[in-house]
Amino acid sequence: SRVQGTRRLVEGIAAAAVKPRVLVSASAIGFYGDTGDGVVDEDSRAGSGFLSEVAQAWEAEAVKAEALGVRVVRLRIGFVLGRDGGAMKLIKPLFRMGLGGRLGSGRQWMSCIEVDDLASMVLACLHDDSISGPMNAVMPEPVTNADFTKAAARAVHRPALFPAPAFALRLALGDLSHLMLDSQRVIPKRFANMRFRYRFDGIGAAMREVFR
């Protein structure tokens, strides 16, 4: 859906008599693979594994629009924090019931972004003609899964006493367990350089917004 959908979109642009000035293509920080404790930014090379390969193929289709005279932005989106949808829609009820907990060791890094800040990033990419290429849509500071869990528990005023062991996640989810157990310590160097103004630049404030 990611690769073929983007391919069809670019084919449509090629056939259009009047072409758009910009294509902001959603991608994902999965592009970098499992980074361990290493810090990566937009200048870092692609990682390995299924999720990285999908992101690379996805971006390769979007980049083809550049040959048509279109400015292309590849927005590599982190773990989105929002009140009404996405993964948090599944996570929030667990924490409200006091059933939340870290995933695996909790030492893996997470690079998050609050949904309103993500929308502002998309708008910036649409309207600022100086922006092109990869842009990491994440908060300035990554957090460990353990700190993510503590922030969620504090926001809802509940304990977080029920960790999900890594082996159980692998048994239950198979290859999809990488979504929860891989470490992604990604920083938004290019948004930082343009002094992007976050509404929620830290995990604590973002979680309070999500659970309010």
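Angles between axes under 35 degrees count as roughly parallel, over 145 as roughly antiparallel, 65 to 115 as roughly perpendicular and the rest as oblique. The model is predicted, with local features requiring pLDDT of at least 70 and side-chain atom pairs pLDDT 80 or more, whereas totals for chains, interfaces and linings use all residues. Residues are numbered from 1 along each chain as its sequence is written, and side-chain values use heavy atoms, with hydrogens and water left out.

**View A. Crossing of helices α3 and α9.** The axes, which are lines fitted to C-alpha atoms over the stretch in contact with angles from 0 to 180 degrees between N-to-C directions, come within 11 Å and cross at roughly 85°. Helices α3 and α9 are therefore roughly perpendicular to each other. In contact (heavy atoms within 4.5 Å) are M88, K92, F95 and R96 of α3 with M207, V210 and F211 of α9.

**View B. Buried residues of helix α9.** Helices (H or I, at least four residues) and strands (E, at least two) are DSSP runs, numbered from the N terminus. In α9 (residues 203-211), I203, A206, M207, E209, V210 and F211 are buried, that is, under 20% relative accessible area with a 1.4 Å probe, protein chains only.

**View C. Pairing of strands β2 and β6.** Strand β2 (residues 71-77) pairs with β6 in the parallel sense over 5 bridges; pairing requires at least two DSSP bridges. R74 stands opposite P134 in β6. Of the 5 residues in β6 (residues 133-137), 5 are buried.

Notes. Buried < 20%, exposed > 50% of the residue type's maximum accessible area, 1.4 Å probe, protein only.
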